[in-house]
Amino acid sequence: MAEVNQVIGCHTVEAWTQNFEKGNESKKLVVVDFTASWCGPCRFIAPIVVEMAKNAPNVIFLKVDVDELKTVADEWAVEAIPAFLFFKEGKLVDKVVGTEKEELQMTIEKHATTNQVIGCHTVEAWTQQLEKGNEAKKLVVVDFTASWCGPCRFIAPVLAELAKKTPNVLFLKVDVDELKTVAEEWAVEAMPTFLFLKEGKLVDKVVGAKKEELQLTIEKHATSVE
């Protein structure tokens, strides 16, 4: 089972530095919740932040108690709490003060890079993306589709949602009429066909707009790169 994204409490300066640097290196969005045990609004927003973390696996959530790590709070000029600071590669890119759930959610969505289905419209683009996935040792899911195919249109938004939820998987889309040579190379006959590749090797296949089977096959082969 995939590990659930959590809010990581930083109780020492060392833990803060380690987790902050880890987030910077991964180039993920880092959201830091500056809080305090005596702060009522902080207690109110805490379970909401936990839920947001679960739904945003591509974001690192850290929690800092301003009394526990006063030097860190001072360093980032935190005065009112709860304060949420948004970092990318060590740089402060945004800030939300208070318990406005909608504002917090919108700011996360604004800065978080969401995993998407990448359309390959040339053989060069296809080769480049496939090699990128192979080098990263990620599972690569390829959706072979066609503009005239009804079931393909039906499954497309489902695939887009699956991509958002599985940032450790590379999703590619190939139009069989546009890239006929690629479709022939992989012996694609019916649409939609989903091929599952690992390090350039075919490990599984799903034919048809079968949502449950598609999801189960992704879960079966996806391994976290963390």
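This is a predicted model: local features need pLDDT of at least 70, side-chain atom pairs count only at pLDDT 80 or more; totals for chains, interfaces and linings use all residues.

**Disulfides, helix pairs and backbone features**

Reader: Is the disulfide of cysteine 39 and cysteine 42 right-handed or left-handed, and why?

Author: Both cysteine 39 and cysteine 42 are buried. The torsion about their S-S bond is about 80°, and therefore the disulfide is right-handed.

Reader: What is the angle about the S-S bond in the link of cysteine 149 and cysteine 152?

Author: Cysteine 149 is buried, as is cysteine 152. Their link is right-handed, and the angle about the S-S bond is 85°.

Reader: Which pattern do the disulfides of the chain follow?

Author: The bonded cysteines are counted along the chain. One link joins cysteine 39 to cysteine 42, and another joins cysteine 149 to cysteine 152. The pattern is 1-2, 3-4.

Reader: Is cysteine 120 buried or exposed?

Author: A residue counts as buried under 20% relative accessible area. Cysteine 120 has a relative accessibility of 1%, so its class is buried.

Reader: Which residues of helix 4 meet helix 2?

Author: By class, the residues of the contact of helix 2 with helix 4 are six nonpolar, one polar and one charged. Helix 2 contributes Ile45, Ile48, Val49 and Met52. Their partners in helix 4 are Lys101, Leu104, Gln105 and Ile108.

Reader: How are helix 6 and helix 8 oriented to each other?

Author: Helix 6 (residues 150–165) packs with helix 8 (residues 211–221) at an angle of about 25°, and the axes are 11 Å apart. The crossing of this pair is right-handed. With angles under 35 degrees counted as roughly parallel, helix 6 and helix 8 are therefore roughly parallel.

Reader: Which residues of helix 8 meet helix 6?

Author: The contact of helix 6 with helix 8 has six nonpolar residues, one polar and one charged. On the helix 6 side are Ile155, Val158, Leu159 and Leu162. On the helix 8 side are Lys211, Leu214, Gln215 and Ile218.

Reader: Which residues does aspartate 204 contact, leaving aside its neighbours within four places in sequence?

Author: Aspartate 204 is placed in strand 10, which covers residues 201–207. With a relative accessible area of 21%, aspartate 204 is partly exposed. Leaving aside neighbours within four places in sequence, its contacts are Phe194, Leu195, Phe196, Thr217, Lys220 and His221.

Reader: What is omega for the cis peptide bond that joins isoleucine 81 and proline 82?

Author: Proline 82 lies in the loop between helix 3 (70–75) and strand 4 (83–88). For the cis peptide bond between isoleucine 81 and proline 82, omega is about 0°.

Reader: What is omega for the cis peptide bond that joins methionine 191 and proline 192?

Author: Proline 192 belongs to the loop between helix 7 (180–185) and strand 9 (193–198). For the cis peptide bond between methionine 191 and proline 192, omega is about -5°.

Reader: Is lysine 137 buried or exposed?

Author: Lysine 137 is found in the loop between helix 5 (123–135) and strand 7 (139–145). Its phi is positive, about 60°, although lysine 137 is not a glycine. A residue counts as exposed over 50% relative accessible area. At 54% relative accessibility, lysine 137 is therefore exposed.

Key: Residues are numbered from 1 along each chain as its sequence is written. Side-chain values use heavy atoms; hydrogens and water are left out. A disulfide is a pair of cysteine sulfur atoms within 2.5 Å. Buried means under 20% relative accessible area, exposed over 50%, partly exposed in between (1.4 Å probe, protein chains only). Contact means heavy atoms within 4.5 Å. Helices (H or I, at least four residues) and strands (E, at least two) are DSSP runs, numbered from the N terminus. Ala, Val, Leu, Ile, Met, Phe, Trp, Tyr, Cys and Pro count as nonpolar, Asp, Glu, Lys and Arg as charged, and the others, Gly among them, as polar. Axes are lines fitted to C-alpha atoms, for helices over the stretch in contact, and angles run from 0 to 180 degrees between N-to-C directions. Angles under 35 degrees count as roughly parallel, over 145 as roughly antiparallel, 65 to 115 as roughly perpendicular and the rest as oblique. A crossing is left-handed if the near helix is turned anticlockwise from the far one by less than a right angle, and right-handed if clockwise.
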